[in-house]
Amino acid sequence: MNALDKVLSALPENCCVIAIDGRCAAGKTTLAGNLAKVTGGAVIHMDDFFLPPSLRSEERYSTPGGNVHWERFLEEVIPYLRSGRAFSYRKFSCSTLCYDPLPVSVPPSYPLIVEGAYSLSPVFGTYYDFSVFMDIDAASQEKRIRHRNGDEKAEVFLSRWIPLENAYIDAYGINRHASLTLCGCQE
């Protein structure tokens with residue numbers, strides 16, 4: 001049974017909000033996209049909520065999960081997840097280090113799927129009906145990152161971003177509290 005089938009078979013009835021967290025390159029975005037196609041849902045990407053340069057500090061990064069702009073996610077997304085109405089939020093672009101000029105529009109559809117590292121942060125409370133943690137072993141993770149991002153960017157992931165993700169996962173036991181845990185290397 002593939003990851004999508006495992007999630008679909010485990011989803012509770014009338015599930016409105018699904019959160020998919022996990023390790024970098026474990027398959028979170030792919031799973032979320034496939035789940036949205038099958039269910040008619042919409043995806044909200046945590047990558048859209050990385051910190052703008054003005055908030056980046058060693059103090060912020062020393063807090064587990066501190067490299068996500070949780071204040072903006074709490075303000076621009078959480079209040080609207082169960083509204084049944086369309087809403088929008090500002091997208092932060094990691095490539096330009098600023099907000100995109102056009103907001104991301106989220107249609108009034110269910111389920112809403114929040115995918116990405118830090119989506120199960122306890123800062124957000126339990127806003128979801130069902131949660132998935134995507135795991136992957138270190139060797140497979142590095143191989144996927146090198147394939148996806150190239151060797152130069154992979155070094156940044158390995159030295160900076162993965163340690164921050166691991167600190168967050170360890171500090172809050174994210175992998176132990178999800179409704180379902182899947183291994184990203186079993187696709």
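1. A salt bridge is a side-chain nitrogen of Lys or Arg within 4 Å of a carboxyl oxygen of Asp or Glu. By that criterion, a search of the whole structure finds eight salt bridges. The model is predicted: local features need pLDDT of at least 70 and side-chain atom pairs count only at pLDDT 80 or more, while totals for chains, interfaces and linings use all residues. Residues are numbered from 1 along each chain as its sequence is written, and side-chain values use heavy atoms, with hydrogens and water left out.

2. Helices here are DSSP runs of H or I, at least four residues, and strands are runs of E, at least two, numbered from the N terminus.

3. Arg 146 and Glu 155 also form a salt bridge, their closest N and O atoms being 2.4 Å apart. Salt bridges that share partners join Glu 142, Arg 146, Asp 151 and Glu 155 into one network.

4. In helix 2, the buried residues are Lys 28, Leu 31, Ala 32, Leu 35 and Ala 36. Buried means under 20% relative accessible area, exposed over 50%, and partly exposed in between (1.4 Å probe, protein chains only). Seen down the axis of helix 2, the buried residues fall within an arc of 130 degrees, so they line one face of the helix; the arc is that of the directions from the helix axis to the C-beta atoms. Just after helix 2, Gly 40 takes a positive phi of about 80 degrees.
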